[in-house]
Amino acid sequence: MSVLRRITNLFHRSQLDQEIEAELCSHIAMRTADNIAAGMSPEEARRDALLRFGNRAVLKERVTAADAQMFVDSIWQDFCYGLRMLRKSPGFTAVAVLTIALGVGANTAIFSFIDAVLLRSIPVKDPQQLVVFNWSARAKPKLQGHSEYGDCADQTGIGDCSFSIPFYKTVRAQAGAFSGMAAFAGPLDVDLSGNGAASIVRGLYVSGDFFSTLGVSTFIGRPLTPSDDSPSAPPAIVLNYAYWARAFGAAPSVIGRTVRLDSTTVTIVGVADAHFTNLTPGKPLDFFMPLSVADSVRGEWWGNENRLSDPTNWWVVILGRLKPGVSISQAQAAATTIFRNEMLHGAALSKSGDAPIVFLRPVRSGLGGETSQIAPALYVTMVIVAFILLIACANVAGLALARSASRQKEMAVRLALGASRARIVRQLLTESIVLACAGGALGVLVAVWGVDAIATLLSNGQPFPFAVAPDWRVLLFTLAITFLTGILFGLGPSLRGSRVDLTPSLKESASSLPGAAAHTGRRFRLGDALVVAQVALSVVVLVGAGLLVRTLRNLHSINPGFDAQNILLFGIDPHLAGYTDQQTQQLYANLQQRFAALPGVISVSYSEEALLAGGWSAGDIHVDSAPAKQNANTGKLPVGLDFFATMHIPILAGHSFTSADFAIAAATNAAEKARDAASAKTDTGSPSTPTSASPTALDEAYYHSAPVPLIINESFARKYLANRNPIGLHMGDVERDEVRSPGPGYTIVGVVGDTKYAYLRRATAPIIFFPLVSNEAHFELRVAANPTALAKNVREIVLQAGDNLPLTDVRTQTEQIDQILFRERLMSRLSSFFAALALVLACIGLYGLLSYEVARRTRELGIRVALGAQHRDLSRLVIRQGILLALIGAAIGIAAGVSVTRFMSAMLYDVRANDPLTMVAVAALLILVAFAACYIPASRAMKVDPMVALRYE
């Protein structure tokens with residue numbers, strides 16, 4: 001019975017019973033016929049036949065058990081025999097196991113990250129019932145404030161997942177399709193004090209029904225409840241389990257303890273369950289705080305907007321849990337009805353032609369978080385390691401194919417003794433699977449090391465935001481690729497090994513007989529094909545790695561418009577510690593003087609965002625000479641004194657900011673803040689736009705303030721002020737619809753050279769600079785030597801200025817640039833490592849094939865030498881064969897690389913996917929390495945002694 005038939009019988013018992021029953025009936029019928037022929041009556045004959053066979057059910061069980069036992073025994077015999085054969089070839093076994101371990105380990109490590117980042121479900125109760133609200137429209141709604149924290153998946157067109165608190169309350173009250181709803185925003189950095197030294201922690205705003213909607217319990221204490229949403233309720237927070245263990249030593253006494261968030265005292269009421277680390281993938285957080293503290297614990301500068309009751313401020317993400325039996329489409333229709341009514345008739349933020357709608361996404365796909373940053377790198381790396389696995393399979397298959405030639409006589413004897421070809425194939429496949437299992441077991445250790453190494457690369461100096469741990473998916477994946485590897489590299493040699501010509505193979509020296517060379521040559525055409533396949537696959541990986549390396553080099557060679565060398569950066573936010581704008585200005589001036597006095601410091605300045613840190617602030621401004629409502633969109637960056645001199649940004653016209661400019665900006669800022677504060681006190685909650693009609697005294701004071709001094713970059717002057725002298729020109733606030741926003745506006749006092757603002761990849765955009773008189777700041781210290789040596793002195797000075805002023809993002813400017821090139825550097829390193837591994841494996845395959853060819857053709861080479869061939873001719877013969885295979889593989893690989901690398905175009909910078917220079921460089925590298933792989937077999941061929949060779953075999 002065939003192996004496939006036996007395996008089928010294990011899972012289809014009824015079919016086997018029917019076959020046994022049919023066979024028993026046949027035997028009983030024949031016995032009955034014999035009895036009738038012996039003179040018995042038909043009844044007696046059948047009764048005697050039934051008695052002789054006994055209990056048919058018991059007989060069927062014995063036959064089934066014997067069949068299964070024979071199958072298990074034969075598998076065990078194949079397994080034991082395979083182990084003995086592998087033990088007899090320790091060199092082959094070691095190389096094969098290591099090669100498989102590298103392929104399986106690399107794939108398992110990368111899949112572990114894919115599982116953690118893309119496949120693992122969100123740690124909440126019944127996540128399939130949770131949906132995320134998203135909106136879209138044909139035109140942008142008229143909003144006073146809009147922000148998002150990178151929670152939701154990318155959305156094309158107008159729309160995202162940010163909503164206002166009033167809409168959340170409305171849809172929660174009116175939508176009957178949901179059994180629960182919640183809102184959240186963040187996490188954002190908050191200054192926490194009252195637990196040792198002040199520190200920056202990450203807090204998430206959540207509604208009171210957040211925990212109940214998600215189905216998340218607390219480890220100790222209680223969760224936040226709807227009563228915590230009340231403005232009159234005492235501010236309470238719930239700690240994340242990991243933060244509780246890290247910052248409070250996992251002390252249960254933390255419940256009821258008070259700490260300060262910015263300048264607000266809050267009470268710790270609970271610790272979240274240990275399994276609930278975060279909601280949005282890749283966004284770690286330290287604690288949860290109710291929405292009711294949003295106006296006191298801001299974490300960022302929102303002005304005086306009322307985020308809790310203003311329908312024009314959109315900043316929270318809304319979640320809904322579907323009721324049983326309610327589909328997403330039904331819930332979406334109900335939510336859209338409420339949303340359209342609010343947008344058209346409630347807050348009146350859109351027109352009917354804008355077609356505002358709500359659409360719902362499952363929470364796993366709707367909350368993308370950091371996955372969009374990491375996923376592309378993981379996908380590309382997974383393709384690369386899949387190629388590595390194929391190369392490893394081809395490598396081991398080539399080695400197994402060469403080894404099977406030495407077992408040719410063994411296979412011939414087994415066939416001559418009656419073994420079937422299927423039985424021999426099964427034996428050889430069993431050996432391959434045993435080899436694959438050994439490699440897979442070692443590959444698990446390689447994967448464990450690989451996970452730690454890759455996590456270090458991905459984290460970029462920070463804890464990796466995803467929990468990478470083995471689960472059933474990783475285990476199943478490892479088992480699957482292990483058995484798949486065994487079948488892939490074992491099937492070809494197994495089929496070849498079973499096709500043996502008995503007559504020549506049973507002789508003592510098969511290779512010495514006529515026709516044997518042709519037979520062996522036919523056998524090793526498959527070996528040649530495997531080597532070509534390895535080379536081609538390695539070329540594809542090398543081309544991809546080469547393009548990514550060139551991309552990283554091109555990005556590093558970009559001129560950012562300033563001198564990035566010898567600059568120390570760090571951030572500080574006095575507003576988190578309760579500083580007023582005036583106190584902030586005094587603090588910055590004091591720190592600037594003290595830092596400048598440090599030995600080795602050349603100059604000091606600060607800016608709201610560090611250059612090339614990924615932060616980007618932009619807005620509209622109206623040039624006085626431009627048509628009405630034609631605003632200029634530009635980047636905005638508040639900076640401190642001596643910023644351009646510190647960063648070595650050239651002044652092209654006018655002058656840099658002076659102390660007088662900062663005094664003017666501070667006075668205008670104070671007037672604006674006073675006007676906004678007074679307006680907030682009398683605000684009824686409905687959106688309003690200040691106009692020139694009925695101005696208050698504070699309005700008048702602000703409108704007649706001095707224009708804020710402004711410096712523009714060269715791109716702004718070229719785009720919006722072409723052919724004009726910009727110095728002294730006035731620009732006002734934006735103009736929208738029929739109402740102009742009044743204000744003192746700005747006066748241009750200088751023009752500076754273009755610089756990169758947020759990212760190196762982006763084209764240089766128009767930017768305006770103005771004096772920083774409030775908000776957080778990132779200091780820049782230009783020093784004469786190593787900037788990091790001053791970090792300790794900087795911390796001491798800031799601590800002396802205020803013990804509740806924590807530093808953030810302490811790094812050099814070059815480290816900052818490396819951080820924004822994190823993904824490119826990661827892809828370059830990973831692809832380069834795996835490309836080198838692919839190249840090594842391909843060369844091992846080429847070396848193994850040529851080494852076997854030299855050993856197989858020892859007698860032929862000896863005859864050639866005896867007939868007058870020179871040793872260099874033998875060397876040329878071997879090298880020519882290897883280089884020819886490498887050239888064929890390189891040609892196929894380059895053709896495949898042109899097709900494959902076009903999918904990487906979005907990852908490349910200033911280099912084409914079919915870049916000829918990269919292709920030529922990869923081909924040259926491959927030929928050079930292939931020549932090195934051919935050299936050792938060629939040297940061995942040159943040392944063949946004719947007398948020894950003629951006695952060979």
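This is a predicted model: local features need pLDDT of at least 70, side-chain atom pairs count only at pLDDT 80 or more; totals for chains, interfaces and linings use all residues.
Visitor: Which residue does a disulfide join to C161?

Guide: As a general idea, a disulfide is a covalent bond that links the sulfur atoms of two cysteines. In this structure C161 is joined in that way to C152, with a distance of 1.8 Å from S to S, and the count of disulfides comes to 1.

Visitor: Why is the disulfide of C152 and C161 called right-handed?

Guide: The handedness is read from the torsion about the S-S bond, which is about 105° here, so the disulfide is right-handed.

Visitor: What is the relative accessibility of C437?

Guide: C437 stands at 35% and therefore counts as partly exposed. A further cysteine to look at is C843, which takes part in no disulfide, since the nearest cysteine sulfur, belonging to C934, lies 8.5 Å away and the cut-off for a disulfide is within 2.5 Å. C843 is itself buried, with a relative accessible area of 11%.

Visitor: How should I read the buried residues of a helix, and which ones are buried in α17?

Guide: The general idea is that an α-helix has 3.6 residues a turn, so residues three or four places apart point the same way. In α17 the buried residues are D581, T584, L587, Y588, L591, Q592 and F595. Seen down the axis of α17, they fall within an arc of 130°, so they line one face of the helix. The exposed residues Q582 and Q593 are carried on the face of α17 turned away from that buried side.

Visitor: How many residues does α17 have, and what span should they give?

Guide: Helix α17 runs over residues 581-596 and has 16 residues, which at 1.5 Å a residue should span 22 Å; the C-alpha atoms at its ends are 23 Å apart, and this agrees.

Visitor: Which residues are buried in helix α12?

Guide: In α12, which covers residues 408-416, the buried residues are Q408, M411, A412 and L415. They cover an arc of only 100° around the axis, and so they sit on the same side of α12. Just after this helix comes G418, whose phi is positive, at about 110°.

Visitor: Which residues have the most contacts inside the largest nonpolar core?

Guide: They are L435, F489, F834 and L846, in a core of 97 residues. Helix α11, spanning residues 371-406, gives the most to this core, with 18 residues. Taking F489 as an example, and leaving out residues up to four places away in sequence, the residues that F489 touches are I100, C393, V396, A397, S432, L435 and A436.

Visitor: Where is the place of D286?

Guide: D286 is in the loop between β8 (264-272) and β9 (287-290), and it counts as buried because its relative accessibility is 11%. Setting aside neighbours within four places in sequence, D286 is in contact with V201, R202, L239, N240, Y243 and R246.

Visitor: To step back at the end, how many helices and strands are in the chain?

Guide: The chain has 28 helices and 25 strands, and of its 953 residues 50% count as buried.

How values were computed: Residues are numbered from 1 along each chain as its sequence is written. Side-chain values use heavy atoms; hydrogens and water are left out. Buried means under 20% relative accessible area, exposed over 50%, partly exposed in between (1.4 Å probe, protein chains only). Helices (H or I, at least four residues) and strands (E, at least two) are DSSP runs, numbered from the N terminus. The arc is that of the directions from the helix axis to the C-beta atoms. A nonpolar core is a set of buried Ala, Val, Leu, Ile, Met, Phe, Trp, Tyr and Cys residues joined through side-chain atoms within 4.5 Å. Contact means heavy atoms within 4.5 Å. The expected span of a helix is 1.5 Å times one less than its number of residues.
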